[in-house]
Amino acid sequence: MNEYVWETCEELDKKIADRVRLIRKRRAISQEKLSKISNVSLGSIKRFETTGQISLLSLTKIAVALNIADDLRNIFTEIPYNSIEEVINERR
């Protein structure tokens, strides 16, 4: 099954970063404060919000600090099957 890709990986990463930045701002948390409460370097937070680039561990720390870890924890949990073969393969 061929699916069209509507955005690049970099664009998707940037959209995630933009959502996290909006949550941070909504909660009136500065980048500096987020750095302290998440134990992620200020440079990493700035780079993430600018480019979308961050390690998974740092993203997890930020999610915990912003109290949005459940959203990260639930990623990929409700993915529909594309075919009967996927159902069979999952049971192996």
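**Notebook: helices, salt bridges and a surface patch**

I began with Gln31, which, leaving aside its neighbours within four places in sequence, is in contact (heavy atoms within 4.5 Å) with Arg24, Leu42, Ile45, Lys46 and Glu49. The model is predicted, so I note that local features need pLDDT of at least 70 and side-chain atom pairs count only at pLDDT 80 or more, while totals for chains, interfaces and linings use all residues. Residues are numbered from 1 along each chain as its sequence is written, and side-chain values use heavy atoms, with hydrogens and water left out.

**Entry 1**

I placed Gln31 in helix α2; helices (H or I, at least four residues) are DSSP runs, numbered from the N terminus. Is Gln31 buried or exposed? Gln31 counts as buried, because its relative accessibility is 17%. The cut-offs are under 20% relative accessible area for buried, over 50% for exposed, and partly exposed in between (1.4 Å probe, protein chains only).

Two of the contacts of Gln31, Arg24 and Glu49, meet through their side chains in a salt bridge of 2.7 Å, N to O. Arg24 lies in helix α1 and Glu49 in helix α3, so this pair ties together parts that are 25 residues apart in sequence. I found Arg24 buried, and Glu49 as well.

**Entry 2. Other salt bridges**

A salt bridge here is a side-chain nitrogen of Lys or Arg within 4 Å of a carboxyl oxygen of Asp or Glu. How many salt bridges does this rule give? The count comes to 5.

I looked up Asp18 and Arg21, whose closest N and O atoms are 3.0 Å apart in a salt bridge. Asp18 and Arg21 are separated by about one helical turn, because they are 3 residues apart in helix α1. An α-helix has 3.6 residues a turn, so residues three or four places apart point the same way. Asp18 counts as partly exposed, at 23% relative accessibility.

Arg73 and Asp70 also meet in a salt bridge, at 2.1 Å, N to O. Both lie in helix α5, 3 residues apart, about one turn of the helix. Arg73 is exposed, with a relative accessible area of 55%, and Asp70 is partly exposed at 49%.

**Entry 3. Helix α3**

Which residues of α3 are buried? In this helix, residues 42-51, I listed Ser44, Ile45, Phe48 and Glu49 as buried. Seen down the axis of α3, they fall within an arc of 125° (taken from the directions from the helix axis to the C-beta atoms), so they line one face of the helix. Their cover includes α1 (9-26), α2 (31-38) and α4 (56-65). Just after α3, Gly52 takes a positive phi of about 90°.

**Entry 4. Helix α4**

For α4 I listed Ser58, Leu59, Ile62 and Ala63 as the buried residues. Their arc, seen down the axis of α4, is within 140°, so they line one face of the helix. They pack against α1, α2, α3 and α5. On the other side of α4, Leu56, Leu57 and Val64 are exposed. Just after α4, Asn67 takes a positive phi of about 60°.

**Entry 5. Val40**

I found Val40 in the loop between α2 and α3. Val40 counts as buried, because its relative accessibility is 3%. Not counting residues up to four places away in sequence, Val40 touches Ser35, Ile45, Ser58, Lys61 and Ile62. Val40 and Ser58 are 18 residues apart in sequence, yet 6.1 Å apart in space, C-alpha to C-alpha.

**Entry 6. The surface patch**

Ile75, Phe76 and Ile79 form a nonpolar patch on the surface, with about 350 Å² of accessible area together. Patches are made of residues with over 30% relative accessible area and no salt bridge; like charges are joined within 9 Å, nonpolar side chains (Val, Leu, Ile, Met, Phe, Trp, Tyr) within 5 Å. Accessible areas come from the Shrake-Rupley method with a 1.4 Å probe, and for residues only the protein chains shown count as cover. Phe76 sits in the loop between α5 (69-73) and α6 (84-90), and is exposed with a relative accessible area of 65%.

**Entry 7. The record**

I checked UniProt, where an unreviewed entry places the feature "domain: HTH cro/C1-type" at residues 20-72. Such annotations may be inferred rather than shown by experiment. Over residues 20-72 the chain is 74% helix and 0% strand (strands are runs of E, at least two residues), with the end C-alpha atoms 11 Å apart.
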